[in-house]
Amino acid sequence: SLRCYAKAPAKVILFGEHWVVHGGRAIASAIGIYSRVIAESLHEGIVVESRNLGVVEDISKRCRIFCNLKKAFEYIAGGDRVLWPASIVIDSEVPVGAGLGSSAAVAVSASAAYACVGGLSVSPDFISRAAYESEKVVHGTPSGVDNTVAAFGGFILYRRGDGFKPIHAGRLDDVVILVIDTGVSRSTASAVEFFAGRLRRLGSIGKEMLELAENIIDEALKAISSGDAVRLGELMDVAHGLLNAMGVSHVSLEKAVHVARANGALGAKLTGAGMGGSAIALVESSRADNVASSLRELGFRVYNGALGAAGLSVA
Ligand code: MEV
């Protein structure tokens with residue numbers, strides 16, 4: 001029987017969250033935290049097992065848990081919807097609900113493994129499109145950044161309506177990103193609404209802040225291209241300051257960025273919607289354990305991954 005292995009990374013938003021809702025650009029990066037999937041051909045059934053969730057479901061007839069993946073598999077099979085039998089075993093190290101795009105990493109790796117046992121294309125573009133069908137089931141109308149980053153890896157620049165552009169990156173391999181999960185649950189919708197309200201009330205000040213956020217993107221693009229981690233860290237601090245001024249930080253995020261910086265991080269900011277959720281810190285690899293443990297002592301969950309990690313791979 002055929003056997004395929006696929007893995008796909010998590011993502012973080014490095015710059016531009018919220019501003020991207022108002023016409024600005026955003027930069028996302030793959031991080032070296034992976035979902036891994038093994039698919040094998042079967043005689044009947046499409047048996048999906050998540051090692052992390054501890055659940056198994058045959059989605060060949062009806063689905064309850066993995067209907068998102070079924071949509072992706074139907075996209076892969078094409079219009080006639082004849083799915084081939086397979087077993088799909090998911091083993092993901094991407095934490096759920098930390099803003100890392102766990103559902104997209106799983107959808108990309110599972111879709112690629114399923115396509116591979118069916119003898120079909122596993123090109124990042126095709127698999128990203130399939131995973132987007134899964135993401136629509138999970139998230140409604142997502143931007144598509146999570147599945148794009150999981151499929152292509154590296155750094156990606158995006159603006160609503162403009163699609164995604166890969167960013168050519170210099171060497172950034174002696175730094176890592178720490179993802180600091182505050183454990184404070186937040187609603188993305190209410191954070192987006194609060195930000196939008198303040199931006200409108202600020203009038204010309206808001207316009208200038210959006211321009212500043214765009215300048216930060218230009219400078220961050222240069223820093224990524226030249227592999228200047230010190231500059232990148234400093235820009236993260238400034239980007240956080242703007243988001244804080246817009247009212248989407250939280251006391252737990254302020255504590256996280258403060259402690260990360262005080263322990264030697266090159267920079268730190270909230271990532272994603274804010275008002276809770278996660279912060280990220282850019283840290284020299286040699287200091288990563290130190291910074292992470294000082295944050296863990298305060299009760300934060302901390303994950304660590306390489307920046308600009310490779311995208312989907314299939315074997
Ligand atoms: C949330 O992860 C990112 C936001 O910019 C919202 C969005 O882009 O849809 C806050």
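1. Start with Ile-27: its bridge partner in β6 is Leu-157. Strands β2 (26-41) and β6 (155-159) pair in the antiparallel sense over four bridges. Pairing here needs at least two bridges found by DSSP between two strands. Strands themselves are DSSP runs of E, at least two residues long, and helices are runs of H or I, at least four residues long, with numbering from the N terminus. As background, strands of a sheet pair through backbone hydrogen bonds, either parallel or antiparallel.

2. Before going on, a word on what you are looking at. This is a predicted model, where local features need pLDDT of at least 70 and side-chain atom pairs count only at pLDDT 80 or more, while totals for chains, interfaces and linings use all residues. Residues are numbered from 1 along each chain as its sequence is written.

3. Twelve bridges join β1 to β2, running antiparallel, and Ala-8 has Ser-35 in β2 as its bridge partner. Strand β5 (residues 86-92) is joined to β2 by seven bridges, again antiparallel, with Ile-38 standing opposite Val-89 in β5. Twelve of the 16 residues of β2 are buried, so this strand is largely enclosed by the rest of the structure. Buried means that 20 or more other C-beta atoms lie within 10 Å of a residue's own; exposed means 12 or fewer, partly exposed is in between, and C-beta atoms are placed from the backbone.

4. Have a look at His-18, in the loop between β1 and β2. Its phi is near 70 degrees, a positive value in a residue other than glycine. His-18 is also buried, with 25 other C-beta atoms within 10 Å.

5. How many of the residues of helix α4 (residues 145-152) are buried? Eight of the eight are, so α4 is largely enclosed by the rest of the structure. The buried residues, among them Val-145, Asp-146 and Phe-152, pack against β1, β2, α2, α3, β6 and β7. After α4 comes Gly-153, with a positive phi near 70 degrees.

6. Now α4 against α2. The two helices pack at an angle of about 50 degrees, with their axes 8 Å apart. Axes are lines fitted to C-alpha atoms, for helices over the stretch in contact, and angles run from 0 to 180 degrees between N-to-C directions. α2 and α4 are therefore oblique to each other; under 35 degrees counts as roughly parallel, over 145 as roughly antiparallel, 65 to 115 as roughly perpendicular, and the rest as oblique. In the contact, Ala-104, Ala-105, Ala-107 and Val-108 of α2 meet Asp-146, Asn-147, Ala-150 and Ala-151 of α4. Those residues divide into six nonpolar, one polar and one charged. For the classes, Ala, Val, Leu, Ile, Met, Phe, Trp, Tyr, Cys and Pro count as nonpolar, Asp, Glu, Lys and Arg as charged, and the others, Gly among them, as polar.

7. α2 (residues 102-117) also packs with α1 (residues 67-77), at an angle of about 40 degrees and with the axes 10 Å apart. Here too the helices are therefore oblique to each other. From α1, Asn-68, Leu-69, Ala-72, Phe-73 and Ile-76 meet Ala-107, Ala-110, Ser-111, Tyr-114 and Ala-115 in α2. By class, that is eight nonpolar, two polar and no charged residues.

8. With 28 C-beta neighbours inside 10 Å, Tyr-114 counts as buried. Leaving out residues up to four places away in sequence, Tyr-114 touches Ala-39, Phe-73, Ile-76, Ala-86 and Ile-88; contact means that the C-beta atoms, placed from the backbone, lie within 7 Å. The C-alpha atoms of Tyr-114 and Ile-38 are separated by 8.7 Å, and these residues are 76 apart along the chain.

9. Finally, there is an open sheet of four strands, in the order β9-β10-β8-β11 with antiparallel pairing. β9 (267-271) and β11 (301-306) are the edge strands, each pairing on one side only. Five bridges join β9 to β10 (residues 278-284), and Leu-270 has Ala-279 in β10 as its bridge partner. In the loop between β9 and β10 sits Met-275, with a positive phi near 60 degrees. Met-275 counts as buried, with 23 C-beta neighbours inside 10 Å. Helix α8 (residues 251-262) lies across β8, β9 and β10, running at about 160 degrees to β9.

Methods: Contact = placed C-beta atoms within 7 Å.
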